[in-house]
Amino acid sequence: MPDIENTLKTHIQNDQAGSFVVIVPTDAARLKRQRELVGYHPNRAVANLRVYTLGSFIQRLYDQVRPVKLHISQGVQNLWLHEIANPQSDNPDAYRYDTFRPNQNVPVSDSTLSLMADTINRLKEYGEDTLNIGNSESQNPTEDDLVRIYNNYETKLKDRWIDEQSKRLHLANTKNFGSLMSGAFPRVNLVVVEGFTVLSKVDIKILTHIAKMPNIEVWFRTDCVAENQALYKNITDLVSQFRAVNANIDPDYGREPERHQHYANNLFRTDNPRVTPIADSHIKVLEPADRSEEVAQIAHLIQKHVSEGHCKLNEICVASYNMGQYERRIAEIFPTYGIPYSLVERLPLTRSEVVKAIFSRLSSRRVPLNDTYFSDVEPASHTSRFHPNEFQRYVDDLLKDGAVVQHILNPMLPKNSEIVEGEVEAYRQFKRIVKELCGVLKSESERSRSLDEYIEKLHHIAKHTNYQNRATTKEETVKIAPQLSELRNLEFNTVFLCNFVEGSFPENYRPDPLLPDHSYRTEEEHLYNNRFMFYGVLKSFRERLYLLIPQREREAELIPSPFLGQLKAITDVETIEVANPERGSVPGFLSTYGNHVWTTPTASNGQFPAEIANMRPLIDHGVAIEKSRETTHEHLAYEGVLTAGTLLAESQEQLASRRQRTYSVTELETYAKCPFQYFVNNVLRFRVEEDETEDELSSLERGSLLHKILFIFYYNRREREDPPIGRCNDADFEEAIQQLDEILENASEERRGQRKETPIGENNLFWETDIGKLRVALRKWLEAERVYDLSVVPRYFEVGFGPEGEPRNPESRRDPELSCTTPISIGNVHMTGKVDRIDIGNGAFNVIDYKTGSSTIRMPEILSGRSLQLPSTYRSQRNCSMIMESQD
């Protein structure tokens, strides 16, 4: 058999690199292969070197297709599916895809739409036509709805647009493939496909088209030992398809016989006589208590191996079948050990800070987030309308006038280049999707659209558009592989495999949630693929492989991966322990340093970690204060004991001034329950504002709205001298209900308009539901008031005392007849507050406090002074969700 590697070497040495194409699985493998091939040239300079990933190779082929179709991104694809699945409510003839809705009045969710996009793309990837799924006799309504959505989506694509998977499907089914290939690569007579273990049906069809061309020689190079079907079954099936079209097969690619052959021959194999396990001191098993300790052990071992000169940082890789649950832990723990790492995350565009700032500036309806990324700029009115070309110019001018690029680059670049790199990428992607959206809308119609419509569509596209956010850009870093496929064709000195537990690796098989009866890969194929990934891990290290098996996740006990037993059947694997892994981290150093200085009279002169060296005086000061509190008592001010001097005088003056302050009942209750919370809230004034819920009334909004409604209702009735509710006839009572409904409508609309963040539409279902519940509660309350048989009648409402607003202004929600600005003094404490309602009559009165919850105040809380407001008790005869109690 010819040696294909020597053939490639000869081509390069003869300056004939343009005569062949090499196709590899990943971008990392592409860079590695380019370095290897360039190294064959005596001058290490090669012109026309063509090493492609499969995606870039297919794109170059598709560029030859005529007529040209414009590419749509994943974001626009999801936008179209969203619009198809959620037709406008004013179109009565539109089909409603109820099988995908949790409720008829709720739109199809984003997560369901993403599943639809994945299913449609996968069907195309595997060469299947959705039109053949579902028919008039189908018993599966979900399947039928998916077919309708697919057909509508293909109608929108028409002859003008094409998505990524449709490109591949078109190439796989084209009748003039030879002319496309010769047009894209006119002098190529050799195509080498290397390192693939999984290929979709359409990709296989494209590559086998090339193999059938008489003037092109094709080599398929992969790692395949046909005798071990337990490991290689998927690979042998793939190889057989290329062998059937007379492609040359190199089954030894990527496998070093001396190091990998034992695994290749015996891993997972059951048809061989018992294999004697070989001693392999390079593979270790670690059993950390949980995933946080798992990352700490990895960091400790990295620090140990690098400091002892065993390897460099860039020769280390941390991998997992799914790295998602480790990214945050790595981001928190690795820096405390001083370990730089490289993790390229693909995040939704809406996670970018600069993109958030841009969205907040696009319309006058929105409240700008901050000035970090923008100079002063005036957005367009939310009532503006734009032609697509005008909207694109508007966005370009807004970004230019706001000097967004300058704000990204200056002054962050010198210290935070990795942040800048991610935000620049996000900015570039945002401008691209604006251009794409405007192009799509212009092709559909030349009409003008509202600014809000553009923003809504753009935001949906941004949610489904990813950008690369790098964790660091330092040259020498630990490689974090987000997926095991990243390890293909790569090799490291030391590899850590996280989460080596059952259910995570091998991953549990999950059929397609929308088309469970049309699986693209069987459970058996899924298992073989996971097995080969594990074999890939065993090939990816030179000196050390650590398999980490966390013992618990919260309360659940984790079980080691069944792959461990298969490995131990052919290899002796050592289980080791890592004692005190935190000792190399900053927290570990501080713990050791604290123990030292606590037991010695003077601080240590030892070296501090570089990242906290400038904090040494503060740390020493903190230790001295804690020692004073416990033993020496040299710093009495930190124990609350003020000694003579300026500090004592200032403190006494501030304390004296606080005796003259006027306090609210809520402040006094807070102080009684937790003095520290009072100190943080009212002295330091550190408060966390309650987030606005997106569509619903928050508990704070609900209480405020009810108080306002009841005040306006009673105040107006008193001013008009209407009869008390308890003495109304039927006609007067119906009129009172109408008054209450009108006040509720006006007050809720005013509150809806005051929302600072995302505005709430007039027909928002969640908002209308909440207001409807309030309407029902208020009517039940009014009915209860009518039968409330007491001699007193409502007279004063929101009676305020103390300096809060203007007591004679009814808009301040303080009763002008009885409210006053003079605080009430109890002992030497001045108090301000408000009484919700006072009923009077026949020499008696009721003081009423409205409650919108059902919490009960206990007598010990009243007697101890921790609760100063009126207690409330639920009375079942009120039979309404809004509880209002009274006390004489």
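# Close-up views of a predicted model

**Figure 1. Overview of the chain.** Of the contacts in the chain with a separation of 6 or more, 74% are between residues 24 or more positions apart. The model is predicted. Its chain holds 29 helices and 26 strands. Buried residues make up 44% of the 888 residues. The average pLDDT of the chain is 84, and 90% of the residues score at least 70.

**Figure 2. The open parallel sheet of 5 strands.** The strand order is β2-β1-β5-β6-β7, and the pairing is parallel. The edges belong to β2 (51-53) and β7 (248-250). Each has a single partner strand, so one side of each lacks a neighbour in the sheet. From one strand to the next, the twist averages 20°. Strands of a sheet pair through backbone hydrogen bonds, either parallel or antiparallel.

**Figure 3. Pairing of β6 with β7, and the helix across the sheet.** Strand β6 covers residues 217-221 and pairs with β7 in the parallel sense over 3 bridges. Trp 219 stands opposite Asn 248, a residue in β7. Helix α1 (residues 4-13) lies across β1 (20-24), β5, β6 and β7. Relative to β5, α1 runs at about 130°.

**Figure 4. The buried face of helix α8.** Helix α8 spans residues 177-184, and its buried residues are Phe 177, Leu 180, Met 181 and Ala 184. Down the axis of α8, these buried residues fall within an arc of 95°, so they line one face of the helix. An α-helix has 3.6 residues a turn, so residues three or four places apart point the same way. What do the buried residues of α8 pack against? Their partners are α3 (54-62), α7 (164-173), β5 (190-194) and α9 (201-211).

**Figure 5. Met 181 and the largest nonpolar core.** This core has 79 residues. Those with the most contacts inside it are Phe 57, Met 181, Val 191, Phe 534 and Leu 547. Helix α10 supplies the largest share of the core, 7 residues. A second, separate core has 62 residues, including Tyr 153, Phe 391, Val 404 and Ala 462. Returning to Met 181, its contacts are Phe 57, Leu 61, Val 191, Ile 210, Met 213 and Ile 216, leaving aside residues up to four places away in sequence.

**Figure 6. Thr 208 in helix α9.** Thr 208 sits in helix α9. Is Thr 208 buried or exposed? Thr 208 is buried, at a relative accessible area of 10%. The cut-off for buried is under 20%. Thr 208 touches Gln 241, Phe 242 and Val 245, with residues up to four places away in sequence not counted.

**Figure 7. Two residues with positive phi.** Most residues other than glycine have a negative phi, and most peptide bonds are trans. Asn 246 has a phi near 65°, a positive value in a residue other than glycine. The place of Asn 246 is the loop between α10 (229-243) and β7. Asn 246 is exposed, with a relative accessible area of 70%. Ala 403 is not a glycine either, and its phi is positive at about 50°. Ala 403 lies in the loop between α15 (388-401) and α16 (404-409). Ala 403 is buried, with a relative accessible area of 15%.

**Figure 8. Two cis peptide bonds.** Arg 66 and Pro 67 are joined by a cis peptide bond, with omega about 0°. Pro 67 is in the loop between α3 and β3 (70-71). The peptide bond from Phe 505 to Pro 506 is also cis, with omega near 5°. Where does Pro 506 lie? The loop between β16 (492-497) and α19 (523-539) holds Pro 506.

Terms used: Residues are numbered from 1 along each chain as its sequence is written. This is a predicted model: local features need pLDDT of at least 70, side-chain atom pairs count only at pLDDT 80 or more; totals for chains, interfaces and linings use all residues. Side-chain values use heavy atoms; hydrogens and water are left out. Buried means under 20% relative accessible area, exposed over 50%, partly exposed in between (1.4 Å probe, protein chains only). Helices (H or I, at least four residues) and strands (E, at least two) are DSSP runs, numbered from the N terminus. The arc is that of the directions from the helix axis to the C-beta atoms. Contact means heavy atoms within 4.5 Å. Two strands pair if DSSP finds at least two bridges between them. Axes are lines fitted to C-alpha atoms, for helices over the stretch in contact, and angles run from 0 to 180 degrees between N-to-C directions. A nonpolar core is a set of buried Ala, Val, Leu, Ile, Met, Phe, Trp, Tyr and Cys residues joined through side-chain atoms within 4.5 Å. pLDDT is the predictor's confidence in each residue, from 0 to 100.
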